[in-house]
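Hi there,

Here is the structure I promised to pass on.

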Amino acid sequence: MLAKREFTVANTYHYNWSSPMRWIISHLLQYRFLFLGFALLCIVNNIFAASTSLFIGRAFDAVLQKNTALQQLGMITLAMLIVITMQGCCDLGARLTAEMLSKRFARDAREELYTNLLGKSQTFHNRQRVGDIMARASNDMTQLSDMMSPGIDTIMDSFSSLFMSVLFIGLLNPQLLLVPILYVIVFLVALRFYARQLGPVAVNLREEFGQTNAVLTESVNGIEVVKATAQEPQEIHKFVTRASRYRDFYVQNGKIHGRYLPTLLLGIALALAFLHGLYLYSHHEISLGMLVTFMSLMTYLRYVTYMSTWSFSLLRLGVAGAERIISLLKEETELDANMGGHKEEMRGDVVFEHVTFSYGSTPILKDISFHARPGQTIAIVGQTGAGKSTLTKLVNRIYDVDTGRVLIDGVDVRDWDMDALRSQISTIEQDVFLFSRTIAENISYGLGSKADQSAIEVAARDAQADEFIQSFPQGYETEIGERGVTLSGGQRQRLAIARALLTDPRILVLDDSTSAIDSATEDEIQKAIHRILEGRTTLLITPRISQIRWADSILVLRKGELIDQGSHEELLARCETYRRIFSHYDAALPASVGGVEHD
Ligand SMILES: Nc1ncnc2c1ncn2[C@@H]1O[C@H](COP(=O)(O)OP(=O)(O)OP(=O)(O)O)[C@@H](O)[C@H]1O
């Protein structure tokens with residue numbers, strides 16, 4: 001099944017998402033020979049294990065004979081030694097292949113999920129709780145790996161042990177099958193009942209873990225707000241409530257384990273089997289050695305009985321994890337990478353034609369039309385919430401328009417190849433996101449490994465960032481904390497400008513609402529921004545009057561409507577809203593704003 005994606009990797013294997021079991025099987029089928037090898041090793045391992053019981057019985061019979069030849073016992077011992085050694089090797093091989101399958105499965109599933117998440121639209125990511133996604137990507141994945149090994153590994157091994165024990169008992173004397181067959185029937189019925197009860201609890205456990213994780217992630221991310229508002233008790237309460245629900249499901253899980261009857265029934269089965277064996281022995285149907293072999297084979301049933309609670313619990317948790325993972329994989333996204341779409345070098349001609357857009361059912365932009373010619377700077381002004389940032393997000397298809405068209409160089413953005421489109425448009429946002437990597441890596445992020453050090457330094461110099469970077473002992477190799485916490489707002493902004501300069505985009509979106517910057521930094525940023533506007537089409541959102549005045553045209557937005565557009569002077573002369581917004585942008589601005597110079 002192929003869903004829309006904004007990003008795809010060529011030649012990727014497509015797994016079956018129609019159900020959790022099918023998805024798991026489609027993953028394991030990738031390694032079908034390894035899986036076959038694992039299954040064969042499990043079977044052979046248990047043939048050897050059951051054979052040792054035969055040898056023990058033979059040894060008993062040999063010892064009880066009047067003239068036991070030591071040579072005969074020696075042969076049995078030697079045969080047992082060989083069989084046990086072979087069994088050990090098979091056991092080792094089976095565990096090794098199971099572990100390989102488990103780790104490869106988890107690696108492939110992680111890669112599949114990660115690639116899939118990168119291909120999801122912004123709208124999808126807006127809806128998700130990061131903590132829950134993280135729980136799926138980490139904990140549910142670990143659960144999948146545990147499901148394979150030791151889960152499926154133990155199930156395969158213990159069930160082939162069960163099968164071999166019953167088969168060998170049948171070969172010994174079919175009459176001996178009475179008790180084991182009855183027990184196997186009861187065991188299978190009880191196991192089915194157990195697995196059915198376990199299913200919903202496993203699903204709840206995984207779900208609750210995801211929610212608990214989401215609460216934790218949210219409060220850690222918002223720790224500044226939590227502390228500043230002294231809301232620690234509220235957060236603790238929320239977390240404890242979730243964690244308690246998680247615990248309750250575990251207790252429920254434990255109760256189902258506790259009610260599992262086969263462990264009790266096995267004791268009865270062993271006693272009945274012994275009685276039956278004695279009966280057959282007393283009627284000379286079997287030898288003493290056969291009775292010993294029979295009881296030894298019966299004890300193998302312990303393995304499957306005791307391990308099944310645990311291994312089926314791992315299986316159920318794994319399937320529940322798989323269900324959560326594929327529900328994320330299957331989530332529809334609105335946009336598509338449109339590989340094979342228009343792929344030219346951009347000139348930077350941007351046209352909005354009667355564009356409307358809404359988040360869900362709330363209309364945000366209404367009938368917007370304007371034209372930005374290559375190299376022009378278009379400033380967008382409007383009260384907070386007017387839709388300025390949203391408008392810019394339609395250019396690089398973070399969102400798609402509802403009606404109307406956005407054209408770049410005369411081609412609808414929906415007809416552009418997504419990669420070609422986005423790689424030629426850079427955005428510098430209000431909240432600059434920096435990765436916890438080195439400064440150089442952050443600047444060169446848009447180019448990946450293609451950027452060389454000298455180009456990075458030139459970009460940093462143009463962005464007025466070189467000086468403060470050089471002031472760090474490790475210069476460009478300085479590691480910065482997550483979200484750039486070790487850097488000031490102004491420094492983060494200049495790194496973002498350097499990052500954009502390096503990619504040399506044809507179209508630039510500059511959403512710069514930071515106002516609390518000291519005047520020295522302000523000056524540096526002004527220079528950097530002036531430098532970056534040169535020679536590219538720019539959509540500029542800023543409260544800085546000097547920057548607005550650089551614009552070739554200014555769009556005035558009010559509640560999602562474009563009420564006027566024109567040059568600074570034109571708008572001052574004719575647009576009341578512009579005059580009002582303009583005066584808000586700088587409280588010091590006199591009532592009559594004509595010709596006032598700021599900065
Ligand atoms: N991801 C989103 N999902 C739903 N609604 C959103 C989303 N982002 C923004 N909005 C809403 O859309 C409207 C316009 O938001 P937008 O950020 O475009 O305004 P803005 O003019 O840039 O405001 P500001 O100057 O405060 O940044 C607001 O009412 C906002 O609540």
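Below is what I found, going from the overall layout to the details.

Please keep in mind that this is a predicted model: local features need pLDDT of at least 70, side-chain atom pairs count only at pLDDT 80 or more, and totals for chains, interfaces and linings use all residues. Residues are numbered from 1 along each chain as its sequence is written.

**Layout.** The protein chain splits into domain 1 (20-330) and domain 2 (350-585), with bounds that come from an automatic or database domain assignment. Taken over C-alpha atoms, the centres of domain 1 and domain 2 are 55 Å apart.

**Annotated spans.** The unreviewed UniProt entry lists residues 73-94, 177-195, 260-280 and 286-304 as "transmembrane region". UniProt positions are given in the numbering used here, feature names are shortened, and annotations may be inferred rather than shown by experiment. In the model, residues 177-195 are 95% helix and 0% strand, with 26 Å between the end C-alpha atoms. Residues 260-280 are 90% helix and 0% strand, and there the end C-alpha atoms lie 32 Å apart. Helices (H or I, at least four residues) and strands (E, at least two) are DSSP runs, numbered from the N terminus.

**Strands.** Strand β1 (residues 350-359) runs antiparallel to strand β2 (residues 362-372), joined by seven bridges; two strands pair if DSSP finds at least two bridges between them. Phe352 has Phe370 in β2 as its bridge partner. The two strands β1 and β2 make a hairpin with two residues between them, and Gly360 in the turn has a positive phi of about 65°. β1 also pairs with strand β4 (residues 403-408), in the antiparallel sense and over five bridges.

**Ligand.** The ligand is surrounded by 12 residues, and the closest are Tyr359, Thr384, Lys388, Ser389 and Thr390. A residue counts as near if its C-beta atom, placed from the backbone, lies within 6 Å of the molecule. Helix α12 (residues 388-393) gives the most to this shell, with three residues.

Helix α17 (residues 489-503) has 15 residues and reaches 22 Å from its first C-alpha to its last, close to the 21 Å expected at 1.5 Å a residue (1.5 Å times one less than its number of residues). Of the 15 residues in α17, 13 are buried, that is, with 20 or more other C-beta atoms within 10 Å of their own, C-beta atoms being placed from the backbone. Just after α17, Asp504 takes a positive phi of about 45°.

Best wishes

Definitions and conventions. Buried ≥ 20, exposed ≤ 12 C-beta atoms within 10 Å, placed from the backbone.
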